[in-house]
Structures are given as C-alpha cells and as structure tokens.
Amino acid sequence: MKHALAPALVLLTLSCGSPGDRAVAVYSAQYSDNSLPEEIALLNDVDFEPATLVAVAYDHVVARPTDGIDLELEGNVAQWFGDQDHTEFNGLFIVRWRDLPWDDWLDSSFGFGNGLSWATDDPLLEDKFHPETGATRLLWHIAVDIGVTLPWAPDWEILLRVHHRSGVFGTFDDVDGGSNAIGFGLRYHF
C-alpha cells in the first residue's frame, strides 16, 4: 500500500501551487576543474575539459517569505558526454532572489542552492584531477544561477548556471575535490 502512495504524492506535488510556482529547465554545461570560489566566482581565466553535461531540472516554489524571495526544491538529472559518461541525480534546496536592483532594465533572478549529487559511476575527471583523494558517487551539490527573463516571453528565462559537486573538505568519503560545469540553458515557468 505504501508503495502505491509514492506516485500519488508526486502527482500531488506537481499539481499544487499557483501559476508560476513550478519551472522546468534544460541546460548544457562544460566541465572545468577550476576552483569555484577562487577562480570561477572571481571571473579569472577558466579552462574547460572535453566533457559536457545536459541536464533537465524541475523546480517547485515551496515558500515565499517575502515578495522578492522564493524558496524552491529542485530535482535534476544530468547526463555527461565526452571524457566522462555517467549520469547524475541531484536534489537541491534553492533560495532565489527575484527582486534585483536592475529589474527595471533587465528582469532577472539569482539562485543559490545546496543539496546532494549522486553519480551512477565514480566521475572519471573528478578522479583524474584529484588523484590524492579520488572520487566518489555521493557528493554535496551546489548550484548558482542567474536567469534573465525574455521580454517578449515572460514565462521563459535564459539561464547561466554553475553546476558544482564537492567533497566538502573530505566530508564525503574523504574526497577533498569535486568538479564544476558552467553553461547555459532555458527555464520555463508554469
């Protein structure tokens, strides 16, 4: 009986909420071993590897503590191509700021999320670039994105996203590394 409840709960979750409280995104990102806080966030030179992910994400707003802030849950599935070819399953809690100072000129949002990432195999490039600590399937997941609303299609956003996996300084199976993927996509709100 309890197994029959799972699909019903998923359908209930998908159907709840006001228009615009749900979103689906598709994005593609290129692998980089550059450090997220020290190089990528500071817009230093970023080097890319021949590995690309394609991800599909579902977001659901679970609360709005203020008019300009959404609290979201996201699940996404990412498939890697190129120098690594595993699949990732990621779940995140995201805080999204929708009321940004430049919204009168360019309607946009900024999201920062944390959660877990599970890979179907040990990621080859994480192991290659962090041989001293290796790689593991389960790591912490961080997503940082900026969405820009299309003026002629207000339900659509162009998305710039950093997709980050981290061992959180050895917290996950003594892994002291991780990976980043930087890319673009589209998000549709409904």
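The model is predicted, so local features need pLDDT of at least 70 and side-chain atom pairs count only at pLDDT 80 or more, while totals for chains, interfaces and linings use all residues. Residues are numbered from 1 along each chain as its sequence is written, and side-chain values use heavy atoms, with hydrogens and water left out.

Let us start with the core, a set of buried Ala, Val, Leu, Ile, Met, Phe, Trp, Tyr and Cys residues joined through side-chain atoms within 4.5 Å; buried means under 20% relative accessible area (1.4 Å probe, protein chains only). The largest nonpolar core has 13 residues, and among those touching the most other members are Y27, A51 and W80. Strands β1, β2 and β3 (69-82) each give two or more residues to this core; strands are DSSP runs (E, at least two residues), numbered from the N terminus. Leaving aside neighbours within four places in sequence, A51 is in contact (heavy atoms within 4.5 Å) with residues including Y31, W80 and L125. In soluble globular proteins, nonpolar side chains tend to be buried together.

Now turn to H141, which sits in strand β6 (residues 138-150). H141 is buried, with a relative accessible area of 0%. A polar atom of the H141 side chain lies 2.9 Å from the backbone oxygen of H164. Not counting residues up to four places away in sequence, H141 also touches N76, N90 and R165, among others.

Methods:
Buried < 20%, exposed > 50% of the residue type's maximum accessible area, 1.4 Å probe, protein only. Helix = DSSP H or I, 4+ residues; strand = E, 2+ residues; numbered from the N terminus. Polar contact = N/O pair within 3.5 Å; in protein donor to acceptor, adjacent residues only side chain to side chain.
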